[in-house]
Amino acid sequence: MNETNNTKMFEESVVETVPRVSKIVTISCCLAMSILFVSSLYIWNNKQHNWDRNHPATVKRRFLSVSVVMVVAPVFVYSFSSTELMEKIQFNELLGLRWHGLLMAILIPYLLTMLLFLGPLCVELQNESIKMFFDLNFWKSALKNILWIRNHVMAPLSEEFVFRACMMPLILQSFSPLASVFITPLFFGVAHVHHIIERLTMGMDFTTALIISLSQLAYTTLFGFYSAYLFARTGHFVAPFLVHAFCNHMGLPDLQELWQQQLRKRILLMCCYIAGIIGWSLLLNIATQPRIYNNKIFWPRECELIDNPSCMV
């Protein structure tokens, strides 16, 4: 059979070569981990701080709680994963903790996400707020600020480990990679709805609290799609973790600040916004090719027949 230079096929991922795990089992495990994660935030008696999630005492206790959940969550993966899968790959690799392709997993997804935020980054560049990242005093202050540590270290670390590194390997054993990317973020998004309790306790009216919580559900779920995709494509935990930390720093684009710019700057910055989104869309699939990260675990590897005849076997 003649094959052209452009002929491609896909190698099966390791997960695809083993028997499927029951969908009920994996969904139940993910639901249990979600409940465990959210519950861990409320096991402490926070009434003395009026349920203030930003109070240092509350933050420290939640650090401890989610740390315990991070220890417990892998037990679900180890206990309910396919025996054949556990025989083929090491457990740490199943959780996305591996050396092969690590450098690429650190750099490429981060740069790709910076491209997505090209517009907001250009806004920071023109108002010179980006200079603070080159100030040693900024970093000294940040590392002493428990809220900064929560938002940029502990929250991304715990959430990505539980909702990506532990849930994705289970879901991928029951569903296709693409379906898994759309399933696991639902747990992640719903897990953030609990903030409505805190807002109501702090005195916010129900309608406002509901609208804010639903908005948060929407963008956390959208981010979850992206994060799950990065984990499945790269096979690395570090990729979604660093991207999550970066997105927490950037937050939602401040369109009001953009609109306050002079007309010429505003048009230029709007072009940066559009260029960043288009560039990210065009490069997403290319920059996350599993072969770049030596990922044979979760996503079928695209294989060039002309370069690798063994793929024909």
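## Val162 and its contacts

In this predicted model, Val162 touches Met33, Phe37, Val69, Met70, Ala73 and Met167, when neighbours within four places in sequence are left aside.

## The nonpolar cores

Val162 and Met33 are the residues with the most contacts inside the largest nonpolar core, which has 61 residues. Seen by element, two or more residues of this core come from each of helix H1 (23–40), helix H2 (56–80), helix H8 (146–171), helix H9 (177–191), helix H11 (206–234), helix H12 (238–250) and helix H14 (263–287). H8 supplies the largest share, eleven residues.

Another core lies apart from this one and has six residues, including Cys122, Val123, Leu269 and Cys272. In soluble globular proteins, nonpolar side chains tend to be buried together.

## The second largest pocket

The second largest pocket holds about 380 Å³ of space. Its lining is made up of 16 residues, and the closest to the pocket centre are Tyr110, Phe133, Trp139, Phe246 and His249.

Helix H5 (102–116), helix H6 (118–126), helix H7 (136–142), H8 and H12 each give two or more residues to the lining of this pocket. H12 gives the most, with four residues. Sorted by class, the lining has 13 nonpolar residues, two polar residues and one charged residue.

## Elements found in both places

H8 provides the largest share of the core, while H12 gives the most to the pocket lining.

Key:
Residues numbered from 1 in each chain as written. Predicted model: local features only at pLDDT ≥ 70, side-chain atom pairs only at ≥ 80, totals over all residues. Heavy atoms only, no water. Core = buried A, V, L, I, M, F, W, Y, C linked by side-chain atoms within 4.5 Å. Buried < 20%, exposed > 50% of the residue type's maximum accessible area, 1.4 Å probe, protein only. Contact = heavy atoms within 4.5 Å. 1 Å grid on protein atoms, 1.4 Å probe; cavity = no way out; pocket = protein on both sides within 12 Å on 5 of 7 lines; lining within 4 Å. Points joined across faces, edges and corners; volume = space filled by probe spheres on them. Nonpolar A, V, L, I, M, F, W, Y, C, P; charged D, E, K, R; others polar.
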